[in-house]
Amino acid sequence: MTEETDPALQMSTKQEETPTDQIVDVIGETGRWQLEKILIVFLVSIPGLAHIFVSAFVAPKRDFWCADDLPDDIDTDVPEFLKNNCSISCAKYSYDTTFWEETITSEWDLVCGSSSLPVISKMTFFSGFAVGTFVAGIVSDIWGRKMSILLFSFLMLASGVATSFMPIFPAFVLLWWLVGVAAVANFTVAFVWTIELAAGKWKIIL
């Protein structure tokens, strides 16, 4: 039996053949058109990433004290035993403003008995990530990647602006959760679209 008619040789040759995309063979793996779209997607994803990382700065720990019997201008000379003291009843709190001007802690006096609320608000915000990741796949498969990015970007803009003007804490948490949903959904769809646009080694690089 010759090598040309050897079945094992023919099978080995077929296994070594790697299927290629016919369109990629014509237009190339990643060119100017793909890079332009990828750059636009990256720019659109920046606001969502900003919302994700800003959560660490919304409710930082700050020194506070009861301001019921203290003058308003005593921000730096407060006795140490009065700082972070929850053993006395208090109707009005003041906060250290040497670094942080305003946070949700000082906005709604989330200290002492309400000190767990900032943690709950962050947990609620992060739970929106799970919902956003799940919703992103459904919405993008139904309406397409581009339309989904526009939809989630608008939702993130509207809910982000509305969150800044919420006068009560529960409404702030609800809208902040919606920001988390939109931010992660926008990033997820953008990432998937980027991988779909790229080909070959660019999938690993991106």
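Some housekeeping: the model is predicted, so local features need pLDDT of at least 70 and side-chain atom pairs count only at pLDDT 80 or more, while totals for chains, interfaces and linings use all residues. Residues are numbered from 1 along each chain as its sequence is written, and side-chain values use heavy atoms, with hydrogens and water left out.

Let's start with helix α6, residues 145-164. Helices here are DSSP runs of H or I with at least four residues, strands are runs of E with at least two, and both are numbered from the N terminus. The expected span is 1.5 Å times one less than the number of residues.

Which residues of α6 are buried? They are Arg145, Ser148, Ile149, Phe152, Ser153, Met156, Ser159, Gly160 and Thr163. They cover an arc of only 145° around the axis, which puts them on the same side of α6; the arc is taken from the directions from the helix axis to the C-beta atoms. Buried means under 20% relative accessible area, exposed over 50%, and partly exposed in between, with a 1.4 Å probe and protein chains only. On the other side of α6, Lys146, Leu150, Phe154 and Leu157 are exposed. As a reminder, an α-helix has 3.6 residues a turn, so residues three or four places apart point the same way.

What do the buried residues of α6 pack against? Their partners are α3 (32-58), α5 (117-143) and α7 (169-197), with contact meaning heavy atoms within 4.5 Å.

Now look at Val179, in helix α7. Val179 counts as buried, at 1% relative accessibility. Leaving out residues up to four places away in sequence, Val179 touches His51, Phe125, Ser159, Gly160 and Thr163. Val179 and Gly160 are 19 residues apart in sequence, yet 6.0 Å apart in space, C-alpha to C-alpha.

Finally, the disulfides, meaning pairs of cysteine sulfur atoms within 2.5 Å. The count comes to two. One joins Cys66 to Cys90, S to S 2.2 Å. Its S-S torsion is about 95°, so this disulfide is right-handed. Cys66 sits in strand β1 (residues 64-66) and Cys90 in the loop between β1 and β2 (93-95), 24 residues apart. The other joins Cys86 to Cys112, S to S 2.1 Å, and with -85° about the S-S bond this link is left-handed. Numbering the bonded cysteines in sequence order, the pairing is 1-3, 2-4.
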